[in-house]
Amino acid sequence: MISMNRGKATGMCLIAGLVLQGCVSTTTAPAPQSAPQPAAKSITYNQANARLAPIRARMEPVVERECKARTSSGTNCDYLISVDEKETKVANAYQTLDKNGRPLIIFTAPLIAETRNAHELAFVMGHEAAHHIGGHIARQQANAGFGALAGALLVAAAGGDPNSVQAAMDLGATVGARSYSKQHELEADSLGTVLTHLSGYDPLVGVNFFERTPDPGNQFLGTHPPNTARINVVRQTAAGL
């Protein structure tokens, strides 16, 4: 088990219960943002870790190799993949960074319990690994910063008081962070397909995980694209492998 920097963690996440959602957290592990969820399946930490271990052993060297090949030399590609010992109720998997910039992929036991086979679990791992390779956390933070600045400038120029400026910054940051989140998810689905395939698992079997999740649709400022779009990206990418 790892030592997470929960005080400053910022992550891209995959939530199931069975709901897939993405989020950013600055205080704790990401939490679901959407509609009521069915109760997650019960599984112990030891059982979850036993199921994750062989997939982690096979995929970790592959994703680290691809990370080094696809990113700049300064990128930390030393992934730490683990099961969260504390979270036992929410089905969740997400990618974040520790205080030293090391990429972490965190699974909860209920998420592992929801997967039906090694291919699905491998696909989730590949998706989360792809977020780091794609630099999505940094890109999301930059978009949030631009949004906050734009909101503050607009309200300040209109003569807004400090409280109004702060509110505009908060709203701008939210809009900015979510502006490209759907694109990031599709990018992670595509590269995750490649990582899953290179690790010897079948992404076309793995993507069946999406078939059992409620479709978020094409919500305004939603964090995830429709399930059909994600499945199509996986199928298109897999066809070229």
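This is a predicted model: local features need pLDDT of at least 70, side-chain atom pairs count only at pLDDT 80 or more; totals for chains, interfaces and linings use all residues.

Me: Okay. How much of the chain counts as buried?

Reply: Of its 241 residues, 50% count as buried. The accessible surface of the chain is about 11,000 Å², and carbon and sulfur atoms hold 55% of that.

Me: Let's talk helices. How do H3 and H6 cross?

Reply: Helix H3 covers residues 118-133 and helix H6 covers 181-198; their axes come within 7 Å and cross at roughly 120°. H3 and H6 are therefore oblique to each other. Their crossing is right-handed.

Me: Which residues make that contact?

Reply: From H3 you have Ala122, Phe123, Gly126, His127, Ala129, Ala130, His131 and Ile133. On the H6 side, the residues include His184, Glu185, Ala188, Asp189 and Leu191. By class, the contact of H3 with H6 has eight nonpolar, seven polar and two charged residues.

Me: What angle do H1 and H6 pack at?

Reply: About 130°, with the axes of H6 and helix H1 (residues 45-70) 9 Å apart. H1 and H6 are therefore oblique to each other, and the crossing is right-handed.

Me: Who's touching whom there?

Reply: H1 brings Met59, Val62, Val63, Arg65, Glu66 and Arg70, while H6 brings Leu191, Val194, Leu195, Thr196 and Leu198. That contact of H1 with H6 divides into seven nonpolar, one polar and three charged residues.

Me: And how far apart are the axes of H6 and H9?

Reply: They're 9 Å apart, and H6 packs with helix H9 (residues 227-239) at an angle of about 35°. The crossing of H6 and H9 is right-handed. Among the residues in contact are Glu185, Leu186 and Asp189 of H6, along with Ala229, Arg230 and Val233 of H9. The contact of H6 with H9 counts six nonpolar, three polar and three charged residues.

Me: Switching to single residues. Where is tyrosine 201?

Reply: Tyrosine 201 is in the loop between H6 and helix H7 (203-206).

Me: Is tyrosine 201 buried or exposed, and why?

Reply: Buried, because its relative accessibility is 9% and the cut-off for buried is under 20%.

Me: What does it touch?

Reply: Leaving out residues up to four places away in sequence, tyrosine 201 touches Pro54, Ile55, Arg58, Met59, Ala118, His119, Ala122 and Thr196. Tyrosine 201 and alanine 122 are 79 residues apart along the chain, and 6.9 Å separates their C-alpha atoms.

Me: Last one: where does threonine 115 sit?

Reply: Threonine 115 is in the loop between helix H2 (109-114) and H3. Threonine 115 counts as buried because its relative accessibility is 3%. Again leaving out residues up to four places away in sequence, threonine 115 touches Arg51, Glu120, Leu121, Phe209 and Arg212.

Definitions and conventions
Residues are numbered from 1 along each chain as its sequence is written. Side-chain values use heavy atoms; hydrogens and water are left out. Axes are lines fitted to C-alpha atoms, for helices over the stretch in contact, and angles run from 0 to 180 degrees between N-to-C directions. Helices (H or I, at least four residues) and strands (E, at least two) are DSSP runs, numbered from the N terminus. Angles under 35 degrees count as roughly parallel, over 145 as roughly antiparallel, 65 to 115 as roughly perpendicular and the rest as oblique. A crossing is left-handed if the near helix is turned anticlockwise from the far one by less than a right angle, and right-handed if clockwise. Contact means heavy atoms within 4.5 Å. Ala, Val, Leu, Ile, Met, Phe, Trp, Tyr, Cys and Pro count as nonpolar, Asp, Glu, Lys and Arg as charged, and the others, Gly among them, as polar. Buried means under 20% relative accessible area, exposed over 50%, partly exposed in between (1.4 Å probe, protein chains only). Accessible areas come from the Shrake-Rupley method with a 1.4 Å probe; for residues, only the protein chains shown count as cover.
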